[in-house]
Amino acid sequence: MLFTMNNAVAGFSKLTKEEKINWIAKEYFANPAEAIETIKQYWNSDAKLQQLHDDFIENTISNFYLPMGIAPNFLVNNRYYSVPMVIEESSVVAAAAKSAKFWSTRGGFKATVLGTEKIGQVHFIFKGNHDKIQTFFNVVKSNLIASTESLTANMQKRGGGITSLELRNKTHELEHYFQLHATFETKDSMGANFINSCLEQLAKSLKEEASNYADFDVSEKEVNVVMSILSNYVPNCIVRAEVSCKVEELAEKKIEDPREFAEKLVQAVRIAEIEPYRAVTHNKGIMNGVDSVVLATGNDFRAVEAGVHAYASRNGKYSSLSHAKIENGLFTFWMEIPLALGTVGGLTSLHPLVKMALEILGKPSAQELMQIVAVTGLAQNFAALRSLTTTGIQEGHMKMHINNILNQFQTTPEERKLIKIHFDNNTISHSAVVSFIENLRK
């Protein structure tokens, strides 16, 4: 029987946690007691720790678990890292670890932070003379920045703060639309709250300065601020990650002809550079690595995803984030991606496993974390391309995925042993595994 709610609920946020759970169970489940039991199974037995997690968001009823794994042997700028990864997809951690080990014997990964600039904007409407608003901005610019000093003082002590402020005329795209375009340095903080606080102060000061500006007429003094918000598009907060070696050094068990392998991989990357349908999946593989480390370290993977995919379209067409070439006998594989990350603030000082992940990584600075995240994405991409251009993607993926199928059918240890022996020499697919299980049980 399917249960659906027919009426809106009033005051849900004001209910206690227990009341919320009881209401959900009663409204949506044929067996409310079973639903409540499942919800509470995922509570932490430590009440204080559970309360900490409850307070991360609103209307909390339980915890949603994702596996946290480790990909060891990442040699980055001549330093070894064991990289924490939080992800639910089979084979991602194994692929990253395999790629890390492969490149650790070929010089490892090189990573360089090319910029750390972050962006925020005050979007406003000005129905006046364009030359006058530019003159006005030139006059009051220093006052606008000075109005944020109480907010930026601590950040400035760490070498951060507002690095530039521009007036941008966007009226050719939207009537009367202007913006204050601000750039920021936020050091080891991701900086979202800091940036947004500064922008709201800039907006307030903009309105005050306009209302008192003698050269504006009455209507021009009425600057209408639409919104003040940071941008998750950070094309100048960039990290480059790369690997390279002599073509012949690519040889290993499944790469008998390294020259053919290198040429095929370069072709695969070129296809992703010109074909958006392939580029989306290609870049998704990169983000398997990127997002899993971003999650493990308590950063905002939705912001990272949005910024990265915008960057992949920066030339007017969605394209591959990674690139590859063979030059003078040298194979090089690299990418540059925007990553606005933090190692202080937010969940980094609250979530116990986030703190542990950062400890495993040696308490990195934000720039060091950018490098680690980028090379993990590149490693993931190399692993996927290696599989695609040699054995095919499904062989390794299905070997990992088979555990999910076995769990789904609650197989016994004896059944698992027979199933794994059978599929050591047979093609794995969901239907083949299910059919084998059914035959075993007949």
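This dialogue goes through several features of a predicted model and how each may be read.

Student: What kind of model is this, and how many helices and strands are there in the chain?

Tutor: The model is predicted, so local features need pLDDT of at least 70 and side-chain atom pairs count only at pLDDT 80 or more, whereas totals for chains, interfaces and linings use all residues. Residues are numbered from 1 along each chain as its sequence is written, and side-chain values use heavy atoms, with hydrogens and water left out. The chain has 15 helices and 10 strands, where helices (H or I, at least four residues) and strands (E, at least two) are DSSP runs numbered from the N terminus. Its C-alpha atoms fill a box of roughly 90 × 70 × 40 Å along the principal axes.

Student: How should I read a nonpolar core, and which residues touch the most other members of the largest one?

Tutor: In soluble globular proteins, nonpolar side chains tend to be buried together. Buried means under 20% relative accessible area, exposed over 50% and partly exposed in between, with a 1.4 Å probe and protein chains only; a nonpolar core is a set of buried Ala, Val, Leu, Ile, Met, Phe, Trp, Tyr and Cys residues joined through side-chain atoms within 4.5 Å. Here 43% of the 442 residues count as buried, and the largest core holds 91 residues, of which Phe-74, Leu-180, Phe-331, Phe-333 and Leu-339 touch the most other members. Helix H12 (residues 366-389) gives the most to this core, with 10 residues. Another core, of 10 residues, lies apart from it and includes Ile-419, Phe-423, Ile-428 and Ile-437.

Student: Where does strand E10 lie, and which strands do bridges join to it?

Tutor: In a regular strand the side chains alternate between the two faces of the sheet. Strand E10 (residues 330-338) has 7 of its 9 residues buried, so it is largely enclosed by the rest of the structure. Two strands pair if DSSP finds at least two bridges between them; 9 bridges join strand E8 (residues 238-246) to E10 in the antiparallel sense, with Glu-242 opposite Trp-334, while 6 bridges join strand E9 (residues 322-327) to E10, also antiparallel. E9 and E10 form a hairpin with 2 residues between them, and Asn-328 in the turn has a positive phi of about 55°. Leaving aside neighbours within four places in sequence, the contacts of Phe-333 (heavy atoms within 4.5 Å) include Val-243, Leu-265, Ala-324, Leu-378 and Phe-382.

Student: What is the strand order in the open sheet of 4 strands, and which helices pack on it?

Tutor: The order is E5-E6-E4-E7 with antiparallel pairing, and the edge strands E5 (161-169) and E7 (224-231) each pair on one side only. Strand E4 (residues 118-125) and E7 pair over 7 bridges, with Ile-125 opposite Asn-224. Helix H5 (residues 130-146) packs on the sheet, touching E4, E5 and E6 (177-185), and its direction makes about 170° with that of E5. Helix H7 (residues 192-211) touches E4, E5, E6 and E7, at about 160° to the direction of E7. For such angles, axes are lines fitted to C-alpha atoms, for helices over the stretch in contact, and the angles run from 0 to 180 degrees between N-to-C directions.
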